[in-house]
Amino acid sequence: MKNVYLKSVLVLFLVCFAVAAALSLANNLTVPIINEANLKAETESLIEVLPNSKGFDKIEISDSAPSTITGIYKDRGGNGYALTISTFSQYSKDNMQFSVGINKNGVIEGIKLTAYSESKDFGADFPQKFIGKDKSLSGIDTVAGVTYSSKAFISAVNDVFAVIESLKEG
């Protein structure tokens, strides 16, 4: 009787070990593919906001950078910077996320909203108003009906310019 229990435990252990080994192998095979797909998706939004780029080098985000900045990328061709941003807009459980391209003259070349889950939308034309603007953001105002979201968006764009200024100083 004792041998039956021991044999059952041994068989169960071997089955569990084989399943764990198979899962580990599957994980090791898929992690690089998943990472490559995520990098490609991120790079595509960067190319959209800085279309004349020659590729990007990721820059480490300093501790003094605003918390809204999630990624800083320098164009290898010297055409400027692309940044990814995530900001809280008060009426959604999810953050608003977007990418901004700042050319070498300090002007917004492109902007792309990548995640926005508000019930009231400020419209696709609002982010496009930022294109061609410098750090003064002259002529940009909040959108009625979505004041908090548009304020959060404007504040995050100001954070982008603050980071760009610190990069030029450093």
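**Entry 1: the strands.** I started with β2 and β3, which pair in the antiparallel sense over five bridges. For me, two strands pair if DSSP finds at least two bridges between them. Helices (H or I, at least four residues) and strands (E, at least two) are DSSP runs, numbered from the N terminus. This is a predicted model, so I ask for pLDDT of at least 70 for local features and 80 or more for side-chain atom pairs, while totals for chains, interfaces and linings use all residues. Residues are numbered from 1 along each chain as its sequence is written, and side-chain values use heavy atoms, without hydrogens and water.

The hairpin of β2 and β3 has four residues between the strands. In that hairpin, G78 takes a positive phi near 80 degrees.

On to β1. It runs antiparallel to β2, and four bridges join them. K58 has Y73 in β2 as its bridge partner.

Is β2 enclosed or open? I find five of its seven residues buried, so β2 is largely enclosed by the rest of the structure. Buried means under 20% relative accessible area, exposed over 50%, and partly exposed in between (1.4 Å probe, protein chains only).

**Entry 2: S86.** I picked S86, in strand β3 (residues 80–87). S86 is buried, at 14% relative accessible area. Its side chain joins that of N95 in a polar contact of 3.1 Å. I count a polar contact as a pair of N or O atoms within 3.5 Å; within protein, one must be able to donate a hydrogen and the other to accept it, and residues adjacent in sequence count only if both atoms are side-chain atoms. Neighbours within four places in sequence aside, S86 is in contact (heavy atoms within 4.5 Å) with T68, T70, N95, M96 and Q97.

**Entry 3: salt bridges.** How many salt bridges does the whole structure hold? My search finds three. The cut-off is a side-chain nitrogen of Lys or Arg within 4 Å of a carboxyl oxygen of Asp or Glu.

- K112 and E48 meet at 3.0 Å, N to O. K112 lies in strand β5 (residues 108–115) and E48 in helix α1 (residues 2–49), so the pair ties together parts 64 residues apart in sequence. K112 is partly exposed at 27%, and E48 is partly exposed at 48%.
- D57 pairs with R76, the closest N and O atoms being 2.9 Å apart. D57 lies in β1 (residues 56–59) and R76 in the loop between β2 (69–75) and β3, so parts 19 residues apart in sequence are tied together. D57 is partly exposed at 39%, whereas R76 is exposed at 53%.
- E165 pairs with K135, with the closest N and O atoms 3.8 Å apart. E165 lies in helix α3 (residues 147–169) and K135 in the loop between α2 (125–128) and α3, so this pair ties together parts 30 residues apart in sequence. E165 is partly exposed at 30%.

**Entry 4: the whole chain.** I get three helices and five strands, in the order α-β-β-β-β-β-α-α. The radius of gyration is 23 Å, well over the 15 Å that the globule rule gives for 170 residues, so the protein is more spread out than a compact globule. That radius is taken over C-alpha atoms; the rule is 2.2 Å times the number of residues to the power 0.38. The C-alpha trace spans about 85 × 40 × 30 Å along its principal axes. Buried residues make up 34% of the 170.
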